[in-house]
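Here is a brief report on one protein chain.

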Amino acid sequence: MGVSICIHRSAQEIGGNCIEILASTGERLLLDAGRPLDTPEGIPTPIPATLDTTKPVSGILLSHAHSDHCGLLETLPVEWPVYCGKATEVLLRLAAAMSQKTIKQPCVHWESGKFLPIGPFKITPRLIDHSSFDAYALQIDVDGKTILYSGDFRAHGRKAKLTFDLMDTPPQHVDALIMEGTNLPKPDSILKATRSEGDLQEQFISLFRESRGRVFVSWASTNIDRTVTLYKACQKSGRVLVPDLYCMLVLKLLKPYGRLPQAEWKSRHLRAVVTNKMSYLMERIGESDFVEYLKKHQSAMSARALAENPEKWVIMARSSLLEDYAAKGIIPVEEDTWVWSMWQGYLEEASSKPLHDFFAPCRKKYIHSSGHASADVLRKFADAMKPKLLLPVHGAAWKEHQGAFSQLRPMANGQWIDL
Ligand SMILES: [Zn+2]
């Protein structure tokens with residue numbers, strides 16, 4: 001018997017990734033342990049029906065810290081060891097603390113490009129461009145076969161070069177490429193924007209310059225590329241970026257892993273807004289000194305100050321901040337602008353209603369770019385890897401694009417394939 005692969009989940013849908021590789025020795029490895037995107041809040045992540053949790057696994061390899069790739073950890077056996085990047089573990093633990101959970105599995109770190117043996121499996125992680133910080137494609141060599149798992153990736157973010165590097169130096173003889181296909185469009189759907197962060201930066205600069213009032217921006221704190229884009233646009237336009245405490249904490253925790261804007265820089269263009277709810281949250285997750293730390297570096301401000309000099313500020317906007325903003329007199333007016341800088345679908349969800357209400361008087365803008373590769377880049381990536389077999393995951397329209405990918409073998413969740 002040789003190597004077999006089973007996609008327990010994400011064979012035909014976006015998110016919830018859980019892929020098993022079974023070696024001839026019977027030892028097995030999991031690629032990602034994700035939470036399906038449609039799992040209702042408060043419900044523990046369901047274990048895929050076909051995944052056997054009674055036998056050990058040699059390791060769970062996590063490509064990155066998005067919950068649709070790691071949210072299943074909470075329900076998997078605590079003895080199963082986790083392998084991931086160092087910064088990924090930091091983000092995992094922070095996300096767990098925020099939702100009053102803990103990661104119980106032991107974590108072992110890898111380094112990009114450095115070979116790591118796990119039982120009969122030889123792992124080579126390759127850092128790749130994605131909207132999640134510290135995302136990897138994973139090469140797995142076992143029993144004379146080479147498997148490449150793309151994880152989630154793109155080629156238009158601030159680290160696009162990493163994706164092109166992998167395309168320029170692919171593994172030799174890829175027997176199976178397991179690749180994401182998030183942005184393959186359904187016949188009737190609108191294409192998601194895949195403009196570069198540099199383009200977005202220019203768009204933000206123009207907006208910040210021509211706006212008379214405050215600019216509120218809704219973006220994800222863990223989308224580090226976007227935080228950097230906004231910070232740079234503030235530098236260029238003379239405005240001050242005002243993230244909340246959580247966003248500033250993410251930057252501080254990731255300090256060892258990249259040159260990211262920090263309170264310690266004492267930059268005139270970066271100041272965290274201190275609000276009651278967020279301060280309480282900092283205490284709850286054991287970061288009660290964080291506000292003092294920001295004050296020490298002159299990087300904290302009260303929300304009240306945002307009511308004056310409106311032309312100065314670019315302010316983080318999320319539902320959990322609105323009450324505290326209103327209490328301090330921040331009431332959006334016609335001259336203000338609200339920018340949505342996340343996936344548009346979230347805007348239509350019920351949880352966004354408080355934002356719509358709060359920003360009703362403002363001008364609205366949509367400035368965003370996808371965290372995933374365009375259909376064109378997906379094709380080029382697959383061509384560059386020259387796989388004997390392409391196993392599609394993390395996409396809802398693979399079947400419609402079958403003709404564009406040679407060697408494509410669409411699978412059903414739970415189905416096994418021998419290499
Ligand atoms: Zn992702």
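## Domains

The protein chain splits into domain 1 (4–187 + 371–418) and domain 2 (197–366). The model is predicted. Between the C-alpha centres of domain 1 and domain 2 the distance is 31 Å.

The two domains touch. On one side, 13 residues of domain 1 make contact, and they meet eleven residues of domain 2. The domain 1 side of this contact consists of seven nonpolar, three polar and three charged residues.

## Overall shape and content

The protein chain holds eleven helices and 20 strands. Its radius of gyration is 22 Å, close to the 22 Å from the globule rule for 419 residues, so the protein chain is as compact as a globular protein of that length. The C-alpha trace spans about 70 × 45 × 35 Å along its principal axes.

Burial covers 45% of the 419 residues in the protein chain.

## Helix α6

How many of the nine residues of helix α6 are buried? Seven are, so helix α6 (residues 245–253) is largely enclosed by the rest of the structure. A residue counts as buried here when 20 or more other C-beta atoms lie within 10 Å of its own.

The buried residues of α6 are L245, Y246, C247, M248, L249, V250 and L251. Several elements cover them. Among the helices are α2 (86–98), α5 (224–237), α7 (276–284) and α8 (290–296). The cover also includes the strands β14 (272–274) and β16 (313–316).

In general, an α-helix has 3.6 residues a turn, so residues three or four places apart point the same way. In α6, the buried set includes L245, M248 and L249.

## Strand β1

Strand β1 spans residues 4–9. Five of its six residues are buried, so strand β1 is largely enclosed by the rest of the structure.

Which strands pair with β1? One is strand β20 (residues 416–418), which pairs with β1 in the antiparallel sense over three bridges. Here C6 has W416 of β20 as its bridge partner. Another is strand β2 (residues 18–22), also antiparallel to β1, with five bridges joining the two. In that pairing, I7 is bridged to I19 of β2.

Conventions
Residues are numbered from 1 along each chain as its sequence is written. This is a predicted model: local features need pLDDT of at least 70, side-chain atom pairs count only at pLDDT 80 or more; totals for chains, interfaces and linings use all residues. Helices (H or I, at least four residues) and strands (E, at least two) are DSSP runs, numbered from the N terminus. The radius of gyration is taken over C-alpha atoms; the globule rule is 2.2 Å times the number of residues to the power 0.38. A residue is buried if 20 or more other C-beta atoms lie within 10 Å of its own, exposed if 12 or fewer, and partly exposed in between; C-beta atoms are placed from the backbone. Domain bounds come from an automatic or database domain assignment. Two residues are in contact if their C-beta atoms, placed from the backbone, lie within 7 Å. Ala, Val, Leu, Ile, Met, Phe, Trp, Tyr, Cys and Pro count as nonpolar, Asp, Glu, Lys and Arg as charged, and the others, Gly among them, as polar. Two strands pair if DSSP finds at least two bridges between them.
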